[in-house]
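Open the model in your viewer and keep the sequence panel beside it. This tour tells you what to select at each stop.

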Amino acid sequence: MLTTKVSVIGLGYIGLPTAAVIASRGIKVCGVDVSSETVDTINRGEVHIVEPDLDIVVRSTVMTQALRATLAPEPSDVFIVAVPTPFAADHQPDLSHIQHAARAIAQVVKKGDLVILESTSPVGATEKLCEWIADARADLRLPHVHGEEADVSVAHCPERVLPGNILKELVDNDRIIGGITRRCAERARDLYEIFVKGDCILTTARTAEMAKLSENAFRDVNIAFANELSLICDDSDIDVWELIRLANLHPRVHILNPGPGVGGHCIAVDPWFIVSSNPEKARLIKMARTVNDSKPVFVLEKVAEAADQFKEPVIACLGLAFKANIDDLRESPALAICRDLCARGIGEVLAVEPNLSALPASEQDAGYELTSLPDALQRANVIVVLVDHDQFRTVDRDLLNSKVVVDTRGIY
Ligand code: SAJ
């Protein structure tokens with residue numbers, strides 16, 4: 001079936017690159033977001049997030065009028081939902097953004113259209129999306145009830161791109177395409193084949209949901225292993241980085257990197273969707289989350305010990321983002337550590353985040369100062385490496401001689 005217009009609901013780290021890449025293939029794309037600031041920024045051909053080369057694709061697709069942003073979905077052939085799926089305080093998934101998107105789509109969806117859920121979701125969420133649309137549109141047959149007779153196709157095609165490398169991975173990665181029915185999956189494949197060079201593999205919506213959660217839980221468990229090793233090595237006076245380098249010489253061992261904890265909106269969140277659906281069986285997955293979530297406390301103690309060596313400790317926290325070379329602060333352990341250092345009054349806290357020109361409003365009163373790398377290196381007596389941004393790797397080591405360094409990323 002010919003796709004002439006696509007609406008992408010949610011213009012964040014996944015939705016905006018997806019919208020721009022589809023638009024770059026000559027298809028009209030309407031990007032939809034609840035934030036009028038985001039909509040205005042994109043319509044000026046600018047971007048509100050840091051992601052390599054995204055600004056170039058957005059500028060060119062807005063200029064050619066292939067991409068346009070609006071506050072509400074417009075009639076389209078395809079609707080792609082890329083909204084956040086956070087968890088509530090009890091680690092239960094919060095699907096309210098998907099529900100909101102489903103209601104907005106229900107206003108304009110028509111017979112023959114395709115709806116794709118890309119947001120990482122607990123098993124069963126795609127069926128729920130069908131229910132929410134069906135509730136609002138009794139005139140349309142949805143596939144969770146009507147199977148291949150349905151008027152609208154619905155599929156789950158989880159995003160799998162790595163922040164920092166999104167534009168490449170959007171095109172090169174294989175896609176798992178889970179249809180509510182086979183035909184739903186086939187329709188979704190037709191859309192992805194327009195811009196994906198990787199394989200498009202068809203399955204059921206529930207399997208696709210679980211596959212995505214499993215990928216991120218796998219990574220979380222493996223990072224937890226590295227983080228646990230870092231705690232054990234610290235007790236045993238062993239350099240964990242050397243240890244991992246040596247162990248990884250074994251042809252079947254590939255230990256990941258320890259760090260200050262696991263951040264971002266994916267790996268620190270998604271495994272909980274498995275745990276909450278089956279708490280008795282998901283023991284290892286839950287333990288990995290606990291190990292990774294406890295790592296910032298360990299780092300905090302290390303910094304407190306280092307600060308104790310000075311009468312007037314000035315602590316430079318290198319990095320606030322959740323990982324290297326991006327500006328994303330979501331669930332960032334670096335940010336949490338910086339805030340906790342201030343809350344505990346351990347010393348004066350300086351933060352260096354080369355990917356931010358100013359602190360977001362939520363951080364204005366946290367008690368630390370955002371400053372440049374040279375200024376922080378000059379003023380601080382304790383240096384805490386929280387993120388392995390490229391800019392930090394090239395620091396002149398002589399500048400660190402008189403300071404105590406707590407390096408959670410193993411770059412110094
Ligand atoms: N981290 C470590 N040690 C490591 C690797 C990562 O401490 O060896 C930390 C990072 O510093 C960061 C966190 O883990 O705080 C997550 O970073 P990441 O690079 O592992 O992953 P994300 O969250 O940026 O992206 C992940 C990817 N999933 C997998 O690699 C299985 C990506 O492909 C997904 O699309 C994305 O989650 C998502 O949106 O779900």
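Predicted model: local features only at pLDDT ≥ 70, side-chain atom pairs only at ≥ 80, totals over all residues.

Residues are numbered from 1 along each chain as its sequence is written, and side-chain values use heavy atoms, with hydrogens and water left out.

**Stop 1: around β6**

Helices (H or I, at least four residues) and strands (E, at least two) are DSSP runs, numbered from the N terminus. Two strands pair if DSSP finds at least two bridges between them. Select β5 (residues 114-117): 4 bridges join β5 to β6, and the two run parallel. Find A155, which stands opposite G179 in β7.

Buried means under 20% relative accessible area, exposed over 50%, and partly exposed in between (1.4 Å probe, protein chains only).

**Stop 2: R137**

Select R137, in the loop between α5 (125-136) and α6 (143-146). R137 counts as buried because its relative accessibility is 16%. Show its side chain. A polar contact of 2.9 Å joins the side chains of R137 and D139. (A polar contact is a pair of N or O atoms within 3.5 Å; within protein, one must be able to donate a hydrogen and the other to accept it, and residues adjacent in sequence count only if both atoms are side-chain atoms.) Not counting residues up to four places away in sequence, R137 touches A106, Q107, V108 and V109. Contact here means heavy atoms within 4.5 Å.

**Stop 3**

Strands of a sheet pair through backbone hydrogen bonds, either parallel or antiparallel. Next, select β11, β10, β9, β12 and β13: in that order, these 5 strands form an open sheet with parallel pairing. β11 (369-370) and β13 are the edge strands, each pairing on one side only. Zoom in on β9 (residues 314-318) and β10 (residues 348-352), which run parallel and are joined by 5 bridges.
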